[in-house]
Amino acid sequence: MDFTGQKAIVTGATRGIGRAIAEALLARGAVVIGVYGGNDEAAERFRQECGQGVDRLFLHKVDVSDYQAAQSFYAVMEEQFDTIDILVNNAGIRRDAVVAMMKEENWRRVLDINLTGGFNMSRFVIPLMMKQKYGRILFITSPMAHLGFPGQANYAASKAGQVGLMKSLSKEVAKRGITVNCVSPGFIATELIEDLTVDQIKQYKRMVPVRRFGRPEEVAEAVLFLAGRKAAYITGSVLDITGGL
Ligand code: NAP
C-alpha cells in the first residue's frame, strides 16, 4: 500500500495505537498530521524516534473535544494543505467507575473526547473531502460498545456512540467517494490499559482465543487497509481486531 502524496490526520497520534498508525502511514509515504491532547513530552519523543519520514510529520496540540479548537485547526489545515485524504479518529481516554460511583465530570469527559471529539474532527474534514470527491474516515471503537464491562459505562457508551455516528455519516457521504468505517481493537498493550492488575491481565488473556493481547502495529495494518484507495466498496463497517474476542 502506497500513500505517497496523501495527507492523513491521526488524532491521538503520539502514543499507543495512534502512534503505530501514524508510523505505518509515514512508512508508506503519507504526510501525517498528528493531533495530541497535552502530553508534549510524548509528542517530542515520537518526533525524535520517528526517523525516516520526520519531514512529513506535523504535530498539533488540539483538544478534540473542543469544537472551536477543531474549527481553528482545520482553518490552518486548509491553508497549509488545501485538502485532506484520511482522518483517523483515534484519540480516546478511560475514566472507569461503576455508575453508582461515577463522577459526572468523568462521564462527560469520556463522552466529550471519545465521541464528540470524533464528531468535531469529522465535521470540518467532510467539506474538504467533498471538494475532492475522495476521503477515508476511520473511528477506533472497541468491543466494549457491545460487551459493556462493569465499570465502563461511560467508555462503552462512547464507543457504541462512535458506531452510530459512523453508520449515519457513512450514508451521508457515500455518493461523494468518502468511506467511513470503524476498527474495533480488543485488548491492545498500550498505556490506556497499563492500570490493569496482574489478575485482570491473566483473566482477560484467558478470554481472548489467541491467548495474548494485541500489538498497536496489528491494529495499524487494518486501519491502513481501510484507509487505502482500494477499500472503496467498504463503508459503514466495523472491523474487529480482537484475537477472536
Ligand atoms: P493511549 O495510549 O492512552 O493514547 C491516547 C492518545 O490520545 C494520546 O496520543 C493522547 O494524547 C490522545 N488524546 C487523549 N485525549 C485527547 C484529547 N482531548 N485531544 C486530543 N488527543 C487526545 O490510548 P490507546 O490505547 O492507543 O487508544 C487509542 C484508541 O484506541 C482509543 O480511542 C481507545 O479507546 C481505543 N482502543 C484501545 C484499546 C486498548 O486496549 N488499548 C482497545 C480498544 C480500543 P496525550 O498523550 O497528549 O494525552
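Ring pairs join Tyr67, Phe73, Tyr74, Phe119 and Phe124 into a cluster. Rings of Phe, Tyr and Trp (its six-membered ring) pair if their centres lie within 6.5 Å; planes under 30 degrees apart count as stacked, over 60 as edge-to-face and the rest as tilted. The structure is a predicted model, in which local features need pLDDT of at least 70, side-chain atom pairs count only at pLDDT 80 or more, and totals for chains, interfaces and linings use all residues. Residues are numbered from 1 along each chain as its sequence is written, and side-chain values use heavy atoms, with hydrogens and water left out.

**Aromatic pairs**

- The structure holds nine aromatic pairs.
- In one of them, Tyr74 and Phe124 have ring centres 6.2 Å apart and planes at 40 degrees, so the pair is tilted.
- Tyr74 lies in helix H3 (residues 67–81) and Phe124 in helix H4 (residues 104–132), so the pair ties together parts 50 residues apart in sequence; helices (H or I, at least four residues) and strands (E, at least two) are DSSP runs, numbered from the N terminus.
- Tyr74 is buried at a relative accessible area of 3%, and Phe124 is buried at 11%; buried means under 20% relative accessible area, exposed over 50%, partly exposed in between (1.4 Å probe, protein chains only).
- The rings of Phe187 and Tyr204 are stacked, with centres 4.8 Å apart and planes at 10 degrees.

**Charges over rings**

- The charged end of Arg229 sits over the ring of Tyr134, 4.2 Å from its centre; this requires NZ of Lys or CZ of Arg within 6 Å of the ring centre and within 35 degrees of the ring normal.
- The charged end of Lys205 sits over the ring of Phe213, 5.1 Å from its centre.
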